[in-house]
Amino acid sequence: MIARTLYLDKDILKILDQRLLPSTVFYIDCKTKEDTFDCIKDMAIRGAPAIGVAAGYGMYLASCEKEFNNISEMKKYLDKAGKYLISARPTAVNLFWGVNRILNVVKKYIGSNIIELKLRIREEANKIYNEDIEINKKIGENGAKLFNKKSTILTHCNAGALATAGWGTALGVIRSAYNQNKVKMVYVDETRPYLQGARLTAWELLQEKIPCVLITDNMAGHFISKGEIDAVVVGADRIASNGDTANKIGTYSLAVLCNYNKIPFYIAAPVSTFDIKISDGKKIKIEFRSSDEVVLINKKHVAPVNMKALHPAFDVTPHELITAIITEKGVIKKPSVKTIRAILGKRVARH
Ligand code: MRU
């Protein structure tokens, strides 16, 4: 079993520091929303669903960190805490979603008292955590059905147990398919610059003895063109109403490769990753991270000192390049406003 990504222990949020993996398993104690914010911003915890769950707990910590005179003072404080937590990373919509789940509870129990409201917030944060694992298992089940022979699957970044409360989205599909004897080999993109593939996905797969091999990102085209890969499965950070999908930088290139070489390109994501307020991928804000994360590896320069680098953390894949989006509610083939609506229901707005 993979170490838990995060958990609440007597009002302390324990977050597995993924920056130290795979060599060290160490949990950071978060006692305040500031501790939680730092873990999200500095990527001790990462992956869209995981930061959504962390945000829920961060809101609970915010509700405990101060004595409130009355419930409306508490509500004001939590509204501000929510805005603060959301500002940690701009692309993954699950972060907003996690905060909003808690703010909806605050609204619902505004007529109660402070002790009751705190309990309800903790209950909701735990619910978000537990639901995430169930949702991922369902995504895994739905995704595994897409494979009818023993396949070689390529994945990018880490959309596994470590990127969620457990099981994973893209890696959850691979886990479920493997349990049904449908996986021959997993090609793991190392995922420059943060190396989520080399450090995290490889760590997860090796622990579960799922056959896997590491490749650098620029090798993907070679292996795909040689016919060695049957499908690519990746996660998502935000999906627009028409299916355009933001995910880890390098995802778009993989989708183009799949399209050119006529192999399926799948996105695996929970319904909470859909941002139905935006019409298309052009409206997704892309996080730019520090140049240091590109020019340094393990705090050592791999480029000349003073060299500047660009570091968009995500890119957007147009929906036309996506064969299907695998959700807990079902598989959305040929994603478009229409096909997404058919699965998500009327919540998808017309733009
Ligand atoms: O920058 P990260 O590591 O948070 O990026 C993670 C990804 O891009 C994942 O593919 C995505 O969040 C889905 S995780 C289930």
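This is a predicted model: local features need pLDDT of at least 70, side-chain atom pairs count only at pLDDT 80 or more; totals for chains, interfaces and linings use all residues.
The ligand sits in the largest cavity, and 18 residues are found around it, of which A48, R89, D237, N247 and K248 come nearest. When these shell residues are sorted by class, eight are nonpolar, six are polar and four are charged. Among the secondary structure elements, α2 (48-64) and β9 (245-248) each supply at least two residues of this shell.

In the case of R46, an N or O atom of the side chain is 2.8 Å from an oxygen atom of the ligand, whereas for G47 a backbone N or O atom lies 2.9 Å from a ligand oxygen atom. The side chain of K248 likewise places an N or O atom 2.7 Å from an oxygen atom of the ligand, and K248 is also one of the residues that come nearest to the ligand. Of the 410 Å² of accessible area that the ligand has on its own, the protein covers 99%.

Some features of the backbone were also examined. Most peptide bonds are trans, and most residues other than glycine have a negative phi. Against this background, the peptide bond from L21 to P22 is cis, with omega near 10°, and P22 belongs to the loop that runs between β2 (12-16) and β3 (27-30). A cis peptide bond also joins R192 and P193, where omega is about 0°; here the proline, P193, is located in the loop between β5 (183-189) and α7 (196-207).

How values were computed
Residues are numbered from 1 along each chain as its sequence is written. Side-chain values use heavy atoms; hydrogens and water are left out. A residue is near a molecule or strand if one of its heavy atoms lies within 4 Å of it. A polar contact is a pair of N or O atoms within 3.5 Å; within protein, one must be able to donate a hydrogen and the other to accept it, and residues adjacent in sequence count only if both atoms are side-chain atoms. Accessible areas come from the Shrake-Rupley method with a 1.4 Å probe; for residues, only the protein chains shown count as cover. On a 1 Å grid over the protein atoms alone, a cavity is a set of points where a 1.4 Å probe fits but cannot get out, and a pocket is an open set with protein on both sides within 12 Å along at least five of seven lines; lining residues have an atom within 4 Å of a point. A molecule sits in a cavity or pocket if more than half of its atoms lie within 2 Å of its grid points. Helices (H or I, at least four residues) and strands (E, at least two) are DSSP runs, numbered from the N terminus. Ala, Val, Leu, Ile, Met, Phe, Trp, Tyr, Cys and Pro count as nonpolar, Asp, Glu, Lys and Arg as charged, and the others, Gly among them, as polar.
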